[in-house]
Amino acid sequence: VHGKPPEHHLRYTLEEVAGILASERERFLLLVEGDAVIGAVHTAWNSEPVPGSPWEVEFGSTSIDPKQQGRGAGSALMKGLEQYLTAKCDGPITISMPVINQRPELLRFYEKLGYQRGPQVPFPVPHIVADGHHIDCTQMFKSISRD
């Protein structure tokens, strides 16, 4: 997907992508328009959902083609993620993502989608941050369910 924010470098190696695609507990969800991928999000969970029990899921590496930003693509991608997760689990689900504080528009975007700000957390992929740089994140949370 085009349009990685400027603070990003290659987030995944080909080997990591292959591992995610083979995993039982991780997925890349794609937003497709025609024959073009215009958005993507990575989601992961530590355990399979237990019927009727709470389930915690993380997501990240959300990316939208810059030409599609501001046109509802990001909201559609997140709605698709929530639909995917609620189809897998009939209990309450807490989804969370660390959002970098250097992009306040992202914090506002997720808040418009019903996410709440949580604690400050370290950047989850420190190996892609240039030496001497520090990136602060805010953990964003949202509770969802099938109903």
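Me: What makes strand β5 and β6 a pair, and in which sense do they run?

Reply: The model is a predicted one. Strand β5, residues 116-122, and β6 are joined by five bridges and run antiparallel. Two strands pair if there are at least two bridges between them, so β5 and β6 count as paired. Within this pairing, Arg117 stands opposite Met140 in β6.

Me: How do you know that β4 pairs with β6?

Reply: Eight bridges join β4 to β6. The requirement is at least two, therefore β4 and β6 are a pair; their sense is antiparallel. As one example, Thr94 has Ser143 in β6 as its bridge partner.

Me: Why is Ser96 called buried?

Reply: Ser96 has a relative accessible area of 7%. Buried means under 20%, so the term applies to Ser96. This residue lies in strand β4, residues 93-100. Apart from neighbours within four places in sequence, Ser96 is in contact with Val57, Glu58, Phe59, Gln139, Met140 and Phe141.

Me: Why is Leu30 called exposed?

Reply: The relative accessible area of Leu30 is 52%. Leu30 is located in strand β1, residues 26-33. Together with Val32 and Val37, Leu30 makes a nonpolar surface patch of about 250 Å².

Me: What is found in the hairpin of β1 and β2?

Reply: Two residues lie between the strands, and Gly34 takes a positive phi near 65° there. β1 and β2 pair in the antiparallel sense over eight bridges. Phe28 has His42 as its bridge partner in β2.

Me: How do you know whether Asn46 is buried or exposed?

Reply: Asn46 has 73% relative accessibility. The cut-off for exposed is over 50%, therefore Asn46 counts as exposed. Asn46 belongs to the loop between β2 and β3. Its C-alpha atom is separated by 7.6 Å from that of Val57, eleven residues apart along the chain.

Me: How do you know that the span of helix α2 agrees with expectation?

Reply: Helix α2, residues 73-88, has 16 residues, which at 1.5 Å a residue should span 22 Å. The end C-alpha atoms of α2 are 23 Å apart, so the two values agree.

Me: Which residues of α2 are buried, and what covers them?

Reply: The buried residues of α2 are Ala73, Gly74, Leu77, Met78, Leu81, Glu82, Leu85 and Thr86. An α-helix has 3.6 residues a turn, so residues three or four places apart point the same way. The cover over the buried residues of α2 includes β1, β2, β3, β4, α3 and β6.

Technical notes: Residues numbered from 1 in each chain as written. Predicted model: local features only at pLDDT ≥ 70, side-chain atom pairs only at ≥ 80, totals over all residues. Heavy atoms only, no water. Patch = residues over 30% accessible without salt bridge, like charges linked within 9 Å, V, L, I, M, F, W, Y side chains within 5 Å. Areas by Shrake-Rupley, 256 points an atom, 1.4 Å probe, with all protein chains shown as cover. Salt bridge = Lys/Arg side-chain N within 4 Å of Asp/Glu carboxyl O. Helix = DSSP H or I, 4+ residues; strand = E, 2+ residues; numbered from the N terminus. Buried < 20%, exposed > 50% of the residue type's maximum accessible area, 1.4 Å probe, protein only. Contact = heavy atoms within 4.5 Å. Expected span 1.5 Å × (residues − 1).
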